[in-house]
Amino acid sequence: MVYLWGKNYSGQLGDGTTGHKLVPAQALKVNHTAVEAEGLELLPSEGSIGMYEDSAASGGRAVGYIDNYGDNLQFYNHYIPGKIIRVRYAALNSGTMNLYINGAYAQSVSFDSTGAWTGRYASKLIYVPIPESSTLKLQYDRGSVPVNIDAIEVF
Ligand SMILES: [Ca+2]
């Protein structure tokens, strides 16, 4: 389970079902945290970070325009101490964003190009210790290259 806040609170809770939709052929673990990016609190620094409609996206929406310093998506990993974060994303060009755990920089995450901003998504696996009851954040910082984020899972 996961605690969400922000817009779309009532409609975007991730659960096991959502996880299955993301990558039908892959099942790393049945019980895990899954959230739709469009259900997360969005913290624009000055730009227009926000959701867009895309039938190819999990839940029919994803988050884009993450291209001003400080733009980020964050969520609270309530129960599960995890080892892997799986990010479903789209990016015309290869991108990079920074991962923070409990507010502390953890690592830079690179995303291979999917060939388009919409319509074609891929999954990025990030291997990192994720404490129970931690806050995870993907942020666009100086040196980052934007990607669109569809959904995030913790295993
Ligand atoms: Ca989505």
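What we have here is a predicted model, in which local features need a pLDDT of at least 70 and side-chain atom pairs count only at pLDDT 80 or more, while totals for chains, interfaces and linings use all residues. Residues are numbered from 1 along each chain as its sequence is written. The term pLDDT stands for the predictor's confidence in each residue, on a scale from 0 to 100. The protein chain averages a pLDDT of 81, and 75% of the residues score at least 70. Over residues 1-30, however, pLDDT stays under 50, and for this stretch the model has 50 contacts beyond four places in sequence, where a contact means that the C-beta atoms of two residues, placed from the backbone, lie within 7 Å. Where pLDDT is low, the predicted coordinates should not be read in detail.

Now the fold. How many helices and strands does the protein chain have? There are 1 helix and 11 strands in the protein chain, and along the sequence they follow the pattern α-β-β-β-β-β-β-β-β-β-β-β. Both kinds of element are DSSP runs numbered from the N terminus, with helices being H or I over at least four residues and strands being E over at least two. If we take the contacts in the protein chain with a separation of 6 or more, 72% of them are between residues 24 or more positions apart.

Next, burial. A residue is buried if 20 or more other C-beta atoms lie within 10 Å of its own, exposed if 12 or fewer, and partly exposed in between, with the C-beta atoms placed from the backbone. Of the 155 residues of the protein chain, 37% count as buried.

A nonpolar core is a set of buried Ala, Val, Leu, Ile, Met, Phe, Trp, Tyr and Cys residues joined through C-beta atoms within 7 Å. Which residues touch the most other members of the largest nonpolar core? Among its 30 residues, they are Ala37, Ala62, Val63, Tyr89, Ile149 and Ile152. Several strands give two or more residues to this core, including strand S1 (33-36), strand S5 (72-77) and strand S11 (148-154). In soluble globular proteins, nonpolar side chains tend to be buried together.

Let me turn to single residues. Glu36 is found in strand S1, and it counts as buried because it has 27 C-beta neighbours inside 10 Å. Although Glu36 and Gly59 are 23 residues apart in sequence, their C-alpha atoms are 7.2 Å apart in space. Gly59 itself lies in the loop between S3 and S4, and it is buried because 21 other C-beta atoms are within 10 Å. Phe75, in strand S5, is buried because it has 24 C-beta neighbours inside 10 Å.

Finally, the backbone. Most residues other than glycine have a negative phi, and most peptide bonds are trans. Tyr65, in the loop between S4 and S5, has a positive phi near 60°, and with 18 C-beta neighbours inside 10 Å it counts as partly exposed. Is Ser133 buried or exposed? Ser133 is exposed, because 12 other C-beta atoms lie within 10 Å, and although it is not a glycine, it has a positive phi of about 55°.
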